[in-house]
Amino acid sequence: MTSLFRREPGFYRRLWVLTLPIVLQNLITTSLGFADTFMVGLLGNAEMAAVTAANVPIFIIQLVIFGFQSGLAVLVSQYWGRGDTDSINRCMGVALYAVTFFSLAVALTTFFLPAEVLRLVTPNEDLVALGTSYIRIVGFANVFNGISSVYAGMQRSTENPRFGMILFAISMCVARRRPPSSPGWWSSPWPCSMLSEAAGCRCVPASSSVPAGIPSAASGSTPSP
């Protein structure tokens, strides 16, 4: 039984060098989704439901991107083993064109027809009103996500998985950073600020005091008349 785990010297070192960056990249991606869910959940149940509804078409885009990335990984791995870099460039070019065209088409649809797209998911007009501003912006974000995913997948198949880990780590830091002129510029992620503007309220940092008469998004309190 233990003979199955016996490999030539250096095998497990090479294995960890390849797999550890991929594990960290997936952990970063998962933590981003968890942070967005937590911050939007602080706004209320309606805002959370609006984000869930808006993420349905976004999930379709991500499935298509994952399909192209998986197919590209298979071909690039074969060509990399043969040393055929010209074929790798051609495959990456085809994947980039296809992913960019599809994600851009969906992004333009969600930008110009956001309410119509959301009505395909939910008949609740309140959720449609809340999710409109969110889906307009996040649709274009997936264009860049598709391009970066293709590049990261290609680098992963050519024995350079650290590229994707570094890329997604930088994107996590940039996504969480707001201009220094804004209060709480390390605390409020974009989905929170977009949905709060759509709901007519404002995200206030935990260290800031809320003036009297202003409703709190987290507590759901209403101003006294």
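Arg136 lies over the face of Phe111, 5.7 Å from the ring centre; a charge sits over a ring if NZ of Lys or CZ of Arg is within 6 Å of the ring centre and within 35 degrees of the ring normal. This is a predicted model, in which local features need pLDDT of at least 70, side-chain atom pairs count only at pLDDT 80 or more, and totals for chains, interfaces and linings use all residues. Residues are numbered from 1 along each chain as its sequence is written, and side-chain values use heavy atoms, with hydrogens and water left out.

**Aromatic rings**

- The whole structure holds two aromatic pairs (ring centres of Phe, Tyr or Trp, the latter by its six-membered ring, within 6.5 Å; planes under 30 degrees apart are stacked, over 60 edge-to-face, the rest tilted).
- Phe111 and Phe112 make an edge-to-face pair, with 5.1 Å from centre to centre and 90° between the planes.
- Phe111 and Phe140 also pair edge-to-face, at 5.5 Å centre to centre and 75° between the planes.
- This second pair links distant parts of the chain, since Phe111 is in helix α3 and Phe140 in helix α5, 29 residues apart.
- Phe111, Phe112 and Phe140 form one aromatic cluster.
- Phe112 counts as exposed because its relative accessibility is 57% (buried means under 20% relative accessible area, exposed over 50%, partly exposed in between, with a 1.4 Å probe and protein chains only).
- Phe111 is partly exposed at 35%, and Phe140 is partly exposed at 28%.

**Helix α3**

- Helix α3 spans residues 85–112, which is 28 residues (helices are DSSP runs of H or I with at least four residues, strands runs of E with at least two, numbered from the N terminus).
- From first C-alpha to last, α3 reaches 40 Å, close to the 40 Å expected at 1.5 Å a residue (the expected span is 1.5 Å times one less than the number of residues).
- Among the buried residues of α3 are Ile88, Met92, Leu96, Val99 and Ser103.
- The cover over the buried residues of α3 includes α2 (45–82), α4 (114–119) and α5 (125–157).

**Ser103**

- Ser103 lies in helix α3 and counts as buried because its relative accessibility is 1%.
- Not counting residues up to four places away in sequence, Ser103 touches Ile61, Asn142 and Val143 (contact means heavy atoms within 4.5 Å).
- Ser103 and Ile61 are 42 residues apart in sequence, yet 6.3 Å apart in space, C-alpha to C-alpha.

**Glu159**

- Glu159 is in the loop between α5 and α6 (162–176).
- Phi of Glu159 is near 65°, a positive value in a residue other than glycine.
- Glu159 counts as exposed because its relative accessibility is 56%.
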